[in-house]
Amino acid sequence: MSDPSAVKGKPKHVKHYFVDSDQQFEASKMGMWVFLVTEILFFGGLFAAYIVYRSWYPDLYLQASTELDTFWGAVNTAVLIGSSLTVAMSIRSAQLNQIKGLITNLYITISLACVFMVIKFFEYTHKFDKGIFPGEYYTYEGIAHEKANIFFSIYYMMTGLHGIHVIIGIGLMLFLVVKAKKGAFSAEYYTPVEITGLYWHLVDVIWIFLFPLLYLID
Amino acid sequence: MSGHHISSAKFLWAVGSSLFVLTFLTVAVTWFHIPGPWNIIVAIGIAVAKAMIVVAFFMNLWWDSKFNSMLFVMSIIFFLLLIGITLLDTLYRVDPVPSF
Amino acid sequence: MNRLTDYMLPPARSTLASETDALFHFINVTSIILLVGITFAILYFAWKYRRKSDDDVTPVITHNNKLEITWSVIPLIMVMIVFGWGFSGYMNLVTPPDDAYEIRVEGASWNWRFFYENGATSVNELNVPVDRPIKLIMSSTDVIHSFYVPDFRVKRDVLPNRYSSIWFEATETGESHIFCTEYCGTQHSNMDGTVNVMSQDEFDIWLEAGNAVDESVPPAERGEALVSQNGCNACHSADGSSGVGPSFAGLWGSERTFQNADPVTADENYIRESILQSNAKVLEGYDPVMPSYQGVINDQQISDIIEYIKTLE
Amino acid sequence: MATAEASNIKRLQVKRFKPDESPKEHYLNAEKGLWSWLTTVDHKRIGLMYLGSIALFFLIGGILALVLRTELLTPTRSFIEADTYNQIFTLHGAIMIFFFLVPSVPAALGNFILPLQLGAKDVAFPRLNLASFYIYTIGAIFTLIAIFTGGIDTGWTFYTPYSAETSTNVMMMTLGIFILGFSSILTGVNFIVTIHKMRAPGLTWNKLPLNIWALYATSIIQVLATPVLAITVLLLAMERALGIGIFDPALGGDPVLYQHFFWFYSHPAVYIMIVPGFGVISEVISTFSRKTIFGYWAIALSSLAIAFIGFLVWGHHMFTAGQSSLASMVFSFLTFLVGIPTGIKIFNWLATMYKGSIDMKTPMLYAMVFLFLFTIGGFTGIMLGALVVDIHLHDTYYVVAHFHYVMMGGMVMAFLAGIHYWWPKMFGKMYSEFWAKIACGIIFVGFNMTFLPQFIMGAQGMPRRYYNYIDQFQPFHQFSTMGSYVLGVGFLIIAAYLIHSLLRGKEAGSNPWGSRALEWQTSSPAPHHNFEHTPVIINGPYDYHKPMAEFQLGIAHSHNGHHEGEKVDVETTTAQEKA
C-alpha cells in the first residue's frame with residue numbers, strides 16, 4: 001500500500017478517505033458547525049441561570065448592573081466586533097492567496113483580542129478592590145440586597161468563561177500565524193483559517209448577547 | 001455548489017460598520033428610559049439583529065449549505081427549550097406559608 | 001390479579017391512598033395483559049416461523065398502514081387516560097383542605113423534628129389525630145431530605161431555602177413508618193420515624209402533656225428518655241463506642257480539644273452550647289454535621305440531659 | 001435530509017467483488033506492535049480499544065454491584081460501614097453510566113461498524129476519533145484518582161447542597177466527568193459528519209441501515225445534551241471552589257435549579273444509552289428472521305422522535321422535588337408522548353419476525369430477551385410517569401428496578417446481541433453457540449431473580465440508597481442478592497468463551513449469518529481500508545428477496561479491484577456529489 005494520499009493524483013492536503021478537496025472542506029465546516037452547536041448550548045446553561053435569577057430578583061439586577069462600567073463594556077464590544085471584522089478579512093485574503101494579508105490581519109485580530117482581555121483585567125481588578133468577589137468571598141456592602149452575590153457570581157462565571165474562550169482563540173490564531181509563515185495555506189487549502197474564523201465569530205456573538213444582558217439593565 | 005464564497009472587502013467593511021452602528025444604538029437606547037418589559041425586548045432585539053448579521057455574513061451561512069444553517073437554528077431551539085420549560089417551573093412556584 | 005397488586009402495596013391508611021392504588025392496579029393489569037400478549041407473540045413467532053432450510057423465502061412485507069396506525073393510536077389513548085387519571089389524583093394530593101390541622105416539620109441531618117401549635121415538639125415521632133386532615137409545612141436545616149410515608153402514599157422533598165407541604169387524612173389509628181427518600185449523607189438510612197395516629201382525645205391529652213415535667217421521675221432518668229427521644233443516641237453512644245459523634249461516656253468534667261476553638265473542660269455551659277449551637281465547638285477528628293436543637297429542646301430538658309450525662313462514667 | 005438528490009443520477013460501471021473467505025492481510029495484522037495500536041487512526045482498532053476499556057469498567061461496576069448486594073443481605077451492617085456503602089453505590093452508578101453505558105454501543109460497536117455500514121474508508125475525522133478515545137482515558141484517570149483520594153458519596157446525581165458540602169473528593173470526580181463529556185461530544189460530531197458526507201455511491205437516506213439511523217439520532221442527542229452537563233458540572237466545581245451561590249441556598253441559590261440543569265442532560269443521556277441498542281436490535285432481528293424490516297421509516301423516524309421528545313421530559317425525575325404543579329403536569333404529559341415511539345418500535349420488530357425464517361442463534365436469543373425485558377421496563381416507566389403513582393414510587397426500589405430493566409434488560413442485552421452478532425466480523429472467529437446459549441439462559445434467570453423482587457419491595461415503600469432497612473424487606477433483599485450472584489456467573493461465562501474464541505475459535509467466513517448488510521460484504525476481519533473496492537449500493541439493507549450478488553457490487557475501475565467478474569452498468573445516485 002503506497003502512501004495512500006498520493007494515490008489517484010489527489011492534491012497533497014486531501015486525506016485518502018475523502019474523494020476530493022471539496023468534500024473534505026465541506027466535512028470540516030459541518031464538523032465545526034456541529035461543535036459550535038455545543039458551544040452555544042454550553043453558554044446556554046449560563047444564560048438559563050441568568051434568566052431564572054433575573055426573573056426571581058429583578059431589582060437586584062437593576063442595582064448591581066450600575067456597578068458595571070457601561071463605557072468600557074461598549075469599548076470592549078467595539079473591540080471584539082473589530083476583531084471579528086479583521087478575522088473575516090484574513091479569511092478573504094487566504095482565499096485570494098495573499099498570505100501576507102492573511103498574516104497582518106491575523107496579527108491585528110490577536111492584538112484586538114489582547115486589548116479586550118486587558119480591558120477585562122482592569123474591570124475585574126476594579127471590582128476586586130471594591131470587595132466584589134464571586135460567591136462567599138463577596139464582602140461589598142454597596143448594594144442593599146441580601147442576595148447580591150448571585151448577580152456577581154453569574155457575572156464572573158459568564159465573563160470568565162467567555163474570557164477563557166477568547167484566550168483559546170488567541171492561541172489558535174497564533175498557531176495559524178506560525179503555520180501561515182511556513183506557507184501551509186493557499187487559496188486551495190485554507191480550512192484551518194476558516195474553522196478558526198467560525199470559532200472567533202461565535203465568541204463575538206456570545207459577547208454581543210453578554211454586553212446588553214449584563215451591562216445595560218436599566 | 002462548493003462553499004468557497006469570497007465576499008468583497010467593501011462588503012465586509014459595510015457589514016462591520018453596520019455592527020458598530022448597532023452597538024452604538026444598543027447603548028443609545030439605554031439613555032432614555034423605556035418602560036416595563038419593552039426595554040428588555042428592545043435590547044435583545046438589537047442583540048439578535050447583530051448576531052444574525054455576524055452569523056449570516058461573517059460566518060457566511062448565507063451562501064453555505066442549508067444543513068449548517070439548520071444546525072445553528074437547532075441549537076437556538078434547544079436553548080430556548082431549556083429556558084422555556086425551566087421557567088415553566090421557576091415562575092409558577094406556589095410555596096405554602098406556615099401560620100405559626 | 002388484585003391479590004398481586006394488594007400484596008405489592010403497603011396498607012392504605014389515608015383517604016387518598018385508595019385513589020393511588022386504583023391507578024396502580026389499572027396500569028399493572030393492562031401492562032400484564034399486554035406483556036403476556038407480546039411474550040406469547042415472540043415465542044409463537046420464534047417457534048412457528050423457525051428456519052426450516054437455509055433457502056427459505058420470506059414474504060416482502062414492508063409496512064401496513066392500518067396496523068401501524070392502530071398500534072400507535074390505541075397506546076396513545078390509553079396513556080392519555082393514565083395521564084388524566086394521574087394528574088387529577090395529583091391535584092387532590094397537593095391541594096390541602098382549608099380546615100387542615102397544621103404541624104411544622106423540620107428535616108435535619110438524620111432526624112425529623114415536629115413542632116405543634118401549642119409549642120409542643122417531638123423528634124422522629126409524628127403524633128396526629130385520626131379522621132382529620134393534617135397539613136405538614138416542611139423545611140430543612142441543611143441538605144435536601146424527602147418526607148415519605150408509604151402507608152399514606154405521600155412524599156415531598158424538604159428543601160433548605162423554601163417551605164414545602166403535604167397533607168393527608170389518616171383513616172385508622174396505629175403506627176406507620178416515615179422514611180427519608182432523598183440521599184442526605186452517612187445516616188440517610190437511619191433517618192426514619194413513625195407516625196402515631198391516635199384518637200382525637202388521646203391526641204389532646206398528649207398535646208397537653210407534651211411539655212409538662214413529670215416530677216415523680218428523677219432528672220437523670222428523664223434525661224435518658226430525652227436522649228433517646230430526640231435521637232441523640234443515633235450518633236452519640238453512652239458506652240464509649242465510636243459513632244458519628246463523640247461518646248457521652250466520661251464526657252462530664254473531661255478536657256476537650258477542638259478543631260475550631262481553644263480547649264475547655266466539659267461543664268453545663270459547654271453542653272448547653274453544643275446542643276443549641278452545635279457546630280460552635282467541634283471536637284478533633286469529627287465532622288461538623290450535628291444539627292442545632294434550638295427551639296426543639298427547652299432549658300428544663302437540657303438540664304435533665306446534663307444530669308443524665310453526669311451519671312455516665 | 002437537506003441534501004438535494006434529484007439532479008445527480010450518474011451511470012457507474014460496476015463489478016461483483018466476492019469477499020475473501022480467509023484473508024491473510026487484515027486490519028489486525030496490517031501493523032504490528034503496541035505503538036501501532038496506541039497511535040492508530042483506524043476506526044476499527046479504536047472501536048476495539050473502546051470495547052476493551054468499557055469491558056474493564058463493566059467488570060469494575062459489576063463487582064461493586066455484587067458488593068452492594070452482599071451488604072444488603074442483612075438489615076444492618078453486614079461487612080462494610082455506611083460511608084463505604086454510600087461511596088460504592090455512587091461509584092457503581094457513575095462507572096456504569098459514564099464509563100460503560102454512554103460509550104458502549106456508540107463508541108465501541110458504533111466506531112467499528114458505522115464506516116463499514118456506510119461503505120466509507122474511515123470516519124470523517126480519524127485523528128479526532130483517536131483524540132476522543134484518549135479524552136475518555138484521561139477522564140477515566142481523573143475519576144480513578146478521585147476514587148483513591150477520598151472517593152465520592154453523593155450518588156451519581158451529585159445533588160446540591162449535599163454535593164457542595166460533603167468532604168469527599170467531588171471536585172476531582174466532576175473534573176473527570178467534565179473531560180469525559182468531550183469524548184462523547186467529539187464522537188457525536190464525528191458520526192454526524194461521517195453519515196452526511198461519506199456514504200458510498202448509491203447509499204441514499206432511504207437505503208441507510210437502521211443501525212445508522214439509531215447512531216445518527218444518538219449523535220444528535222450527544223451533541224445537544226452533553227454541553228449542558230459540562231456547564232452543570234463546571235458550576236458545581238465552581239460552587240465548591242469559589243462558593244458561587246447559584247445552587248447553594250445559604251447564598252440565595254436554588255438547589256432545584258441544579259436538578260433542572262442536571263436532568264436536562266441526564267434524561268437525554270438515558271436515550272443516548274438505549275437508542276443505539278434499538279439500532280442493533282433492528283439489525284439482528286432482520287438478519288436472523290431473514291426478512292425485510294417491517295416499517296423501515298416508522299423505526300427510523302421513531303428514533304429521531306425519541307431523540308427530540310427526549311429533551312422535553314426531564315422533569316419527571318423531579319415530581320416530588322418542589323417543582324411547580326404546572327411544570328409537573330407538562331412533564332408528565334410529555335413523558336407519555338415519548339413512550340409512544342418506543343412502543344411503535346417494539347411492535348415493528350414483532351411484525352418483522354412475523355412470517356420470517358427465524359434462526360435461533362445467540363444474537364437472536366438476546367434480541368428476544370431484550371424485547372421481553374425492555375417491554376417490562378417500558379410499562380413500569382409508564383407507571384412512574386403517572387403523577388399520583390410517582391409520588392408514592394419515586395426514589396424507591398421500584399425506580400431502581402425500572403431503570404435496571406431498561407438499562408440492563410434493554411441496553412446490556414442489546415449490547416450482548418451486538419457483540420455476538422459482529423464478533424465474527426471483528427475477529428474472523430466464531431464463539432461457541434452452545435456456551436453462549438447457556439450463558440444467555442443464566443443471565444435471563446439471574447436478572448429476573450435480582451430485579452423482579454425489587455419491584456415489589458419498591459411498591460411497599462423501600463427507599464433507594466438505603467444501607468439499613470426494616471426487617472420486612474429482608475427476604476426480598478436476600479432473594480435479590482442470590483439473583484445477582486447468578487447474574488455475575490452468567491457474565492463470567494460470557495467472558496470465558498469469548499476469550500476462548502479469540503485464542504482457539506474456529507474460522508468464521510465473511511458472512512456467517514447470510515446477512516445483506518454492507519459490513520458483511522467484505523472479508524472478516526475486514527481489510528485495513530474496509531473494502532477492496534468502492535462499494536455501490538442499489539438495494540435496501542434488508543432486501544432478502546434480492547440475490548446476494550446484488551449486494552457485492554463495487555465500482556469497476558477502482559484501482560485495487562483484482563477480482564475478475566462480469567461488468568455491468570448500473571444507474572445510481574452518488575452520495576459524494578451531493579452538497
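Two strands are taken to pair if DSSP finds at least two bridges between them, and the elements themselves are DSSP runs numbered from the N terminus, namely helices (H or I, at least four residues) and strands (E, at least two). The model is predicted, so local features need pLDDT of at least 70 and side-chain atom pairs count only at pLDDT 80 or more, while totals for chains, interfaces and linings use all residues. Residues are numbered from 1 along each chain as its sequence is written, and chains are lettered from A and ligands numbered from 1 in the order in which they are written.

**View 1. The open sheet β4-β10-β9-β6-β7 of chain C has five strands with mixed pairing.** β6(C) and β7(C) run antiparallel and are joined by five bridges. Within this pair, C:S146 has C:D157 of β7(C) as its bridge partner. Helix α4 (residues 200-209) of chain C packs on the sheet, where it touches β4 and β10 (193-198) of chain C. The direction of α4(C) makes about 130 degrees with that of β4(C); axes are lines fitted to C-alpha atoms, for helices over the stretch in contact, and angles run from 0 to 180 degrees between N-to-C directions. Contact, here and below, requires C-beta atoms, placed from the backbone, within 7 Å.

**View 2. A further open sheet of chain C has the strand order β3-β2-β1-β5-β8, again of five strands with mixed pairing.** β3 (121-123) and β8 (164-169) stand at the edges with a single partner strand each, so one side of each is left without a neighbour in the sheet. Neighbouring strands are turned by 25 degrees against each other on average, direction ignored. Strand β1 (residues 101-108) and strand β5 (residues 133-140) of chain C pair in the parallel sense over seven bridges, and C:E102 has C:K135 as its bridge partner in β5(C). β1(C) and β2(C) form a hairpin with two residues between them, and C:W110 in the turn has a positive phi of about 90 degrees.

**View 3. Chains C and D have the most contacts among the five pairs of chains that touch.** The contact takes 70 residues from chain C and 73 residues from chain D. On the side of chain C, α2 (17-48), α3 (65-94), β6 (145-149), β7 (154-158) and β9 (174-180) each supply at least two residues. α3(C) gives the most, with 16 residues. This side of chain C divides into 38 nonpolar, 20 polar and twelve charged residues. In these classes Ala, Val, Leu, Ile, Met, Phe, Trp, Tyr, Cys and Pro count as nonpolar, Asp, Glu, Lys and Arg as charged, and the others, Gly among them, as polar.

**View 4. Chain C also touches chain B, through five residues from chain B and seven residues from chain C.** The side of chain B in this contact has three nonpolar, one polar and one charged residues. Chain A and chain C, in contrast, do not touch, and their nearest C-alpha atoms are 13 Å apart.

**View 5. The largest nonpolar core has 351 residues.** Such a core is a set of buried Ala, Val, Leu, Ile, Met, Phe, Trp, Tyr and Cys residues joined through C-beta atoms within 7 Å. A residue is buried if 20 or more other C-beta atoms lie within 10 Å of its own, exposed if 12 or fewer, and partly exposed in between, with C-beta atoms placed from the backbone. The residues with the most contacts inside the core are A:V34, A:I154, D:I281, D:A367, D:F370 and D:A417. Helix α13 (residues 397-427) of chain D gives the most to this core, with 22 residues. Not counting residues up to four places away in sequence, D:A417 touches D:V280, D:I281, D:V284, D:P363, D:Y366, D:A367 and D:F370.

**View 6. B:V27 is placed in helix α1 (residues 9-29) of chain B.** B:V27 counts as partly exposed because 19 C-beta neighbours lie inside 10 Å. Neighbours within four places in sequence aside, B:V27 is in contact with A:T70, A:A74 and A:L216.

Technical notes: Two residues are in contact if their C-beta atoms, placed from the backbone, lie within 7 Å.
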